[in-house]
Structure formats: structure tokens, C-alpha cells
Amino acid sequence: MPSSVAPRTAAFAAVVAAALAAGLLAGSSAASADAASAAEVRIHDIQGSSRISPLAGQQVTQVPGVVTGVRTFGSKGFWLQDPEADANPATSEGVFVFTGSAPTVAVGDKVLVSGTVTEYVPGGTSSGNQSLTEISKPVVTVVSSGNELPAPVTVSASVPSAYAPAGDAAAGSSINALPLNPGKYALDYYESLEGTNVRIGTSRVVGATDPFAELWVTVKPFENPNRRGGAVYGSYTAQNTGRLQIQSLTPLAQKPFPKANVGDVLAGTTEGPLDFNQFGGYTITARTLGTVTDRGLERESTREQRRGELAVATYNVENLDPSDPQAKFDALAAAVVNNLASPDILALEEIQDDNGAKNDGTVTAGETLKKFTAAIEAAGGPAYESRTIDPENNKDGGEPGGNIRQVFLFNPERVSFTDRPGGDSKTATGVVQERGRAALTLSPGRIDPANAAWANSRKPLAGEFTFRGRTVFVIANHFGSKGGDEGLTSHHQPPVRSSETKRLEQAQAVNAFVKDILKADRRADVLVLGDINDFEFSQTTKALTDGGALHPAVKSLPRSERYSYVYQGNSQVLDQILTSPSIDDFAYDSVHINAEFSDQNSDHDPQVLRFRP
């Protein structure tokens with residue numbers, strides 16, 4: 001749930017106060033004994049010229065302004081803006097007034113507000129998020145109603161291209177204490193408008209409407225675009241500064257939020273206060289919302305494999321279990337048949353056990369797979385067979401009780417599986433040499449399951465296949481998630497990506513196993529695939545490819561086409577297929593059927609690779 005609609009608690013307020021006192025939120029750490037008088041304090045004085053208010057923790061009295069937006073749900077309160085701006089572009093003229101209950105003011109009211117200046121950190125101080133300057137515990141006096149609103153600031157393609165200043169090393173890479181430079185850095189520009197009434201004109205949608213009634217647009221249409229309308233995140237320094245999240249101040253019961261896909265257009269004027277929340281950072285909370293124009297984005301279909309080509313795919317099916325509606329099974333199955341052209345080998349991620357999230361010790365997934373393969377056959381696909389290893393109960397992460405795992409589906413009319421018995425959740429498969437060729441000791445088998453890198457995470461599933469007399473090794477993966485990483489709008493710049501440590505260790509383990517195969521047979525065909533949960537330019541991918549053992553096939557695509565997931569308006573790579581050196585002639589396709597759409601069967605796009613062994 002977006003933090004802007006999450007309730008606050010007195011306990012959390014105490015945490016923030018303690019953080020202020022400890023200097024974790026740079027700025028004033030002690031409350032003044034004397035309340036500032038109305039004659040002294042305007043909103044730009046409260047906001048100051050850095051991220052932290054110089055008056056944080058202090059009482060302010062009768063701060064004047066006009067109400068520019070009212071939120072009657074979630075984090076209840078209103079936005080106040082001073083129509084008499086100062087001459088400093090770094091100081092915002094707007095501020096959020098947190099009431100905690102439904103506000104009694106209306107847009108256009110001229111009011112005087114007394115209360116405490118607070119730095120609220122959405123998600124808590126450990127999240128790394130920037131704080132939102134606000135007035136809490138307010139006493140509000142309405143002076144008059146029906147006043148003209150301050151003219152909105154138009155946010156356009158002039159947003160700076162540089163994302164953020166480098167954080168102060170002495171402050172743990174924090175940018176909190178740095179003076180804002182809104183003409184140079186995008187984060188500083190948006191921060192200088194925190195709480196201010198802003199507007200955008202007609203803008204392209206780069207993140208589809210999600211279940212929380214929000215979407216993403218870009219005000220910079222030529223910033224890293226792809227042919228389907230998205231904005232590609234191609235490096236850690238290509239954050240796409242024109243992205244903005246859009247929410248509505250109108251309750252959904254009064255007016256449903258519009259459905260939009262990537263590439264659609266939010267036409268006309270969208271106007272309202274600029275908020276900052278936990279999930280996405282700077283957000284226009286729209287008092288006036290533009291109209292979505294459907295640009296007709298269609299789901300892609302890959303071509304069928306040609307004679308002599310082996311088609312191998314990976315697809316994260318998002319916690320699939322028998323309790324899911326048959327419609328989900330049918331939709332996923334139709335995608336396998338119609339959009340993926342019934343690949344010969346399909347590695348699935350997030351197959352749950354036979355009763356899903358019911359936490360009763362069940363680990364088998366036979367019913368889940370039976371229901372899914374039956375749906376594929378009913379959709380006109382092949383009669384797939386499956387291979388997997390059941391995990392230990394609640395030892396592989398994911399939804400508690402769900403016991404997600406990777407699974408191989410394969411078409412026995414096209415490819416055969418080499419069964420080498422003995423594989424279980426705790427026993428590691430290995431590599432031996434047979435007649436000068438590599439072979440697995442267990443197939444299917446898990447790679448190094450006792451390695452601490454796989455604690456509370458999915459262990460890789462290795463399988464040995466034969467296609468037209470040639471052995472092909474396939475390793476299905478679902479690396480650790482990005483949970484715990486700081487967002488791009490963190491006050492640490494660059495943001496702390498703590499989850500990378502685990503994925504790096506996981507990548508090193510898989511790379512070592514691939515090297516074992518190549519040591520036994522340097523011409524072995526090996527495919528490493530799945531939800532790698534990391535970018536093609538990440539240290540994780542570099543570790544997988546160490547020593548030339550593997551090549552990320554997604555790099556065969558133009559840079560603008562490299563993505564399998566859309567997060568906060570950034571089209572990015574999470575799902576990958578990597579090839580051993582012998583597989584040097586292949587066709588690769590990231591099949592865009594989910595990530596760009598508001599109506600999703602999964603939040604990932606499947607990947608397909610075709611080659612001739």
C-alpha cells in the first residue's frame with residue numbers, strides 16, 4: 001500500500017523525533033523553547049533551502065496560506081501554500097498539514113495554521129527514504145473561503161537531467177544537509193516543490209495503473225524511450241528524471257481511477273500538490289486529473305521455433321497454486337501457447353505447493369502442475385511433462401506456507417529429460433565426465449543447497465536434457481529479491497542496495513557450477529535462466545559471467561528493448577537467459593505481455609531463446 005495512504009502512529013512519530021535528536025535527519029535537532037511568531041514564519045521559512053526544515057521540532061504559530069488540496073482518506077490532511085513567494089527557488093511555498101482525521105477545510109480556504117514542524121519519513125528511518133516536511137498537531141483558523149489558488153508551477157521537460165548530487169561521505173552518503181540546487185539536480189528540483197501546487201500537460205504513461213490506483217508518466221518524452229512507450233532503465237545513472245507518480249485526491253468511491261497501460265497518454269492538465277511517499281517518492285496528488293487516451297498497446301507473440309531449433313523459455317507465474325481462479329491458469333496457459341509458441345523447455349518460477357499459502361507443512365506441487373499442464377493442453381499446447389525438487393517447508397522464502405520453487409516443463413515430443421535419481425531438497429547435484437562429456441550426478445538436482453547464499457531463498461534447479469542427440473544443461477533460478485534496497489529517491493546517493501550482497505553470492509555459486517560443467521566439456525551447451533532479480537549491468541550479472549562462462553543473451557537486443565519488468569515507471573531487466581560459449585548463435589526475445597499492462601497475469605514478462613545445439 002502506498003505510504004501516502006498509510007496510517008501514522010504516535011509510536012512512529014516518536015521514532016522520527018528520536019532520529020532528529022540523534023542527528024539521523026540532518027538539520028535542527030533540538031526544539032526551540034520559544035514558539036516562532038506568525039510575523040516571523042512563512043511556509044518558505046519552514047521548508048528552508050535543504051531537505052530538512054530548519055524549524056524541525058519547533059512550534060509555529062498562525063502560518064498563513066491557501067488550501068490547495070485536501071486528502072480525506074489514508075494519511076488525512078491538507079496542503080497549504082503561501083501565495084506570497086520569496087525570491088529563493090530552493091524554498092518551497094507549500095507544506096502538508098497532517099490532521100490525522102478528515103480535514104474540515106476546503107480547497108480555496110485562506111487559513112492560519114499553528115502546530116509542530118515535523119519531518120515524517122515514509123517507511124521509517126531505516127528505509128533510507130527522504131522525509132516529508134509537514135505541520136502536525138495543527139490548530140486551524142479559517143479566515144475566508146473561495147479564494148483563488150496560487151498559480152501552479154508547470155513541471156516539464158526542463159527538469160534537470162542530472163539526478164542527484166553525490167551524498168556527503170561524512171554523513172553516510174546522505175544528501176539531507178546539502179543545500180538544494182534545483183537548477184542542476186532533478187531530486188533537488190522536486191524537493192524545492194514539495195507541497196507546492198504543480199501541473200503537468202499531456203504526458204506519456206510509462207508505468208501502468210496498479211492495484212493501488214496510481215500510474216507513472218514522464219514529462220521528458222525523449223528520455224530513454226522504447227518503441228512501446230516506456231522509459232528504459234539502462235544503468236545506475238539513467239534514472240529517468242522525468243518520471244512522476246500520479247495519484248488522485250478524489251476518493252475511488254466517488255470516481256474510479258483510470259486504467260492505463262504503458263504508451264497511453266494522460267491528456268490535458270493534471271494538477272495538484274506535489275507529495276512524497278514511500279513507494280515512488282515524488283507524486284502529484286491530483287486535484288484535477290487528465291484523461292487517459294488509449295494508444296492500443298498489444299501483447300507480443302514470439303515466433304515458433306524452426307526445424308532444428310530448440311526453444312527454451314523462462315516465466316515467473318507469480319505464486320501460482322490450485323486455489324487461484326481457473327481464469328488465471330487459463331490465461332497463463334494461453335500465453336504459453338499463443339505468446340510463447342509452446343517452447344520446448346519452459347522454466348517456471350513461483351510455482352507454489354498444492355495448497356498455496358496455507359501453512360500446514362505441505363511441500364508437494366503435483367496438483368499445481370497438473371492443473372497448469374492441463375490448462376496448457378486445453379489451450380492447444382503440448383502435453384508437457386514436469387520435473388522439480390520439492391523444497392523444505394518454509395526454507396525457500398516467498399509467501400509463508402507457499403513453498404515456491406522452480407519447475408521444468410518440457411515437450412516430450414521434441415526433447416527428452418535425462419533422469420538421474422536421488423535428487424532432494426538437501427542433496428547437491430554435481431558434475432562428472434562420461435565418455436568425454438559432462439553429465440550431472442543428479443537430474444533434476446539442486447546446486448549447492450547447503451550454501452549460506454541460499455538461506456531462505458530458492459535453490460537453483462539443474463536438469464539434463466537431450467535434443468536431437470545433443471545434451472543441453474538447463475539451470476533454473478530465482479535469486480533473492482530486492483527487498484530492503486533503498487529507492488532511487490533515497491536521501492543516500494547513490495542509494496544503498498543491500499540485497500545485492502546475497503545475489504552476488506548466489507551468482508558466484510551458479511557460476512562455479514557452470515565452470516564445473518565446462519571443465520568436464522568446454523563445448524557443453526549450458527543455459528542459466530530465470531528470475532535473476534537483477535539488471536544486465538549489475539554486479540550479479542557480472543558474477544554470473546565471470547571468466548567468460550556465460551553471456552547475458554538480453555544484451556543481444558538493442559538497449560531500448562532490454563526489459564522484462566516495469567517498476568516505478570522504469571522498464572528494466574530482472575528476468576534473464578545466459579548462454580555458455582558454445583551457444584554463440586541464437587535468437588532472443590523478451591515477450592512483453594504483462595509488465596506494461598494494468599491487467600496482468602504476472603508482473604514479469606517471459607523470455608525465450610532459440611538456438612541450434
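Just after helix 4, Ala 341 takes a positive phi of about 60°; helices (H or I, at least four residues) and strands (E, at least two) here are DSSP runs, numbered from the N terminus. Keep in mind that this is a predicted model, where local features need pLDDT of at least 70 and side-chain atom pairs count only at pLDDT 80 or more, while totals for chains, interfaces and linings use all residues. Residues are numbered from 1 along each chain as its sequence is written, and side-chain values use heavy atoms, with hydrogens and water left out.

**Helix 4 and what packs on it**

- Helix 4 covers residues 326-339, 14 residues in all. From first C-alpha to last it reaches 19 Å, close to the 20 Å expected (1.5 Å times one less than its number of residues).
- Buried residues in helix 4 include Phe 329, Leu 332, Val 336 and Val 337, and Lys 328 and Asn 339 are on that list too. Buried means under 20% relative accessible area, exposed over 50%, and partly exposed in between (1.4 Å probe, protein chains only).
- The cover over those buried residues includes strand 15 (310-320), strand 16 (345-351) and helix 5 (366-378).

- Asn 319 sits in strand 15 and counts as partly exposed because its relative accessibility is 26%.
- Leaving aside neighbours within four places in sequence, Asn 319 is in contact with Asp 324, Lys 328, Glu 350, Gln 352, Glu 399 and Ile 404; contact means heavy atoms within 4.5 Å.
- Trp 216 belongs to strand 9 (residues 215-218), and it counts as buried because its relative accessible area is 6%.
- Not counting residues up to four places away in sequence, Trp 216 touches a list of residues including Arg 204, Arg 243, Phe 279, Gly 280 and Gln 568.
- Trp 216 and Gly 398 are 182 residues apart in sequence and 27 Å apart in space, C-alpha to C-alpha.

**Salt bridges**

- The count comes to 27 salt bridges, each being a side-chain nitrogen of Lys or Arg within 4 Å of a carboxyl oxygen of Asp or Glu.
- Asp 534 and Arg 503 pair up at 2.9 Å, N to O. This one links distant parts of the chain, 31 residues apart: Asp 534 is in the loop between strand 25 (525-531) and helix 7 (539-544), and Arg 503 is in helix 6 (residues 500-520). Both Asp 534 and Arg 503 are buried.
- Glu 434 and Arg 420 meet at 3.7 Å, N to O. They too link distant parts of the chain, with Glu 434 in strand 20 (residues 431-434) and Arg 420 in the loop between strand 19 (416-417) and strand 20, 14 residues apart. Glu 434 counts as partly exposed, at 35% relative accessibility.
- Lys 220 bridges to Glu 223, with the closest N and O atoms 3.7 Å apart, and both Lys 220 and Glu 223 are buried.
- A network of salt bridges ties together Arg 227, Arg 228, Glu 300, Glu 561 and Glu 596.

**Cavities**

- The whole structure has three cavities of 30 Å³ or more. A cavity is a set of points on a 1 Å grid over the protein atoms alone where a 1.4 Å probe fits but cannot get out, and lining residues have an atom within 4 Å of a point.
- The largest cavity holds about 110 Å³, a volume being the space filled by probe spheres set on the points, which are joined across faces, edges and corners.
- Of the 13 residues lining the largest cavity, Tyr 163, Tyr 190, Arg 243, Gly 280 and Thr 489 lie nearest its centre.
- The second largest cavity has a volume of about 50 Å³, and its lining includes Asp 396, Arg 405, Arg 446 and Lys 459.

- Ser 443 and Pro 444 are joined by a cis peptide bond, omega about 0°, and Pro 444 lies in the loop between strand 21 (437-440) and strand 22 (445-446).
- Gln 493 to Pro 494 is also cis, with omega near 0°.
- Asn 403 has a positive phi near 50° without being a glycine, and is buried, with a relative accessible area of 2%.

Methods
1 Å grid on protein atoms, 1.4 Å probe; cavity = no way out; pocket = protein on both sides within 12 Å on 5 of 7 lines; lining within 4 Å.
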